[in-house]
Amino acid sequence: TVQTSGGTSISVAQATPAIFTCILLFILPQTYNFWPFAKEGQTFKNSPSLITWRLIETKMCWGVLFLLGGGFALAKALPSSGLSSLLVLQLTRMNLTSLPAWLASLLFSFVTVAITNIASNTATANVFVPILAEMAITMCINPIFLTLPAGIACSYAFALPVSTAPNAIVFGHSTMKTTDMLKAGMVMNLICVSVLILAINTYGVPLFGLNEFPDWAAQAHENVTFCDL
């Protein structure tokens, strides 16, 4: 972050050096057959740049670019449009506090997997993890019991090309259809979520102390007096 004389803060993020490098590829020549790099007596010649727009136009996977851009736009629109707030409201109105802890963990893991296949992993985690933490306090269970499986399930984006950049790249350079990726991805999602829920409900309980309501959760929230601490 750079502070200007006018008091304005300017931050240089990851996109700035990436765009700068791309611009350099259009400026730097392929060969240096011109002054002052050419040898004495050598004829000066114009040299094309390392890449040209014609090359980008014909070789660039524009479908993958728009696919990823659409996924990022969807992830940005989720909190900006108020959809995440509406989701919190609807989950609060549902009588989920009476569910067993393992069933709630299973339910929210599948919901997280469904959302992360159409939005970015980071956006899904930013939306769901705080919601599940508050809901765990309401259910008087350890917040890790709901947030840990949901956080891990955000990485189970196997079903659609828009899920992650690797999915989009593979889809763009292959002959597979979206339905082919969906079929294989759904099977992988089912297996991964099953293993995840089995792990969190077996050795995860003594490992993270999930059968106890932690003091740090009680201190972070005021309305926990009804819990058996």
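Me: Is Thr-116 buried or exposed?

Reply: Please note that this model is predicted. A residue counts as buried when its relative accessible area is under 20%. Thr-116 has a relative accessible area of 0%, so Thr-116 is buried. Thr-116 is found in helix α5.

Me: Which residues is Thr-116 in contact with, leaving aside its neighbours within four places in sequence?

Reply: With those neighbours left aside, Thr-116 is in contact with Asn-121, Thr-124, Ala-153, Cys-154, Tyr-156, Ala-157 and Ser-163. For Cys-154, the backbone oxygen lies 2.7 Å from a polar atom of the Thr-116 side chain.

Me: At what angle do the axes of helix α5 and helix α9 cross?

Reply: An angle over 145 degrees counts as roughly antiparallel. The axes of α5 (residues 101–116) and α9 (residues 178–201) cross at roughly 150 degrees and come within 10 Å. The two helices are therefore roughly antiparallel to each other, and their crossing is right-handed. By class, the contact of α5 with α9 has eight nonpolar, four polar and no charged residues.

Me: How far apart are the axes of helix α6 and helix α7?

Reply: The axes of α6 (residues 121–138) and α7 (residues 144–153) are 8 Å apart, and these helices pack at an angle of about 160 degrees. Thus α6 and α7 are roughly antiparallel to each other. Val-129, Leu-132, Ala-133 and Ala-136 of α6 make the contact with Leu-146, Thr-147 and Ala-150 of α7. By class, the residues of this contact divide into six nonpolar, one polar and no charged.

Technical notes
Residues numbered from 1 in each chain as written. Predicted model: local features only at pLDDT ≥ 70, side-chain atom pairs only at ≥ 80, totals over all residues. Heavy atoms only, no water. Axes fitted to C-alpha atoms, helices over the stretch in contact; angles between N-to-C directions. Helix = DSSP H or I, 4+ residues; strand = E, 2+ residues; numbered from the N terminus. Parallel < 35°, antiparallel > 145°, perpendicular 65-115°, else oblique. Left-handed = near helix turned anticlockwise from the far one by under 90°. Nonpolar A, V, L, I, M, F, W, Y, C, P; charged D, E, K, R; others polar. Buried < 20%, exposed > 50% of the residue type's maximum accessible area, 1.4 Å probe, protein only. Polar contact = N/O pair within 3.5 Å; in protein donor to acceptor, adjacent residues only side chain to side chain. Contact = heavy atoms within 4.5 Å.
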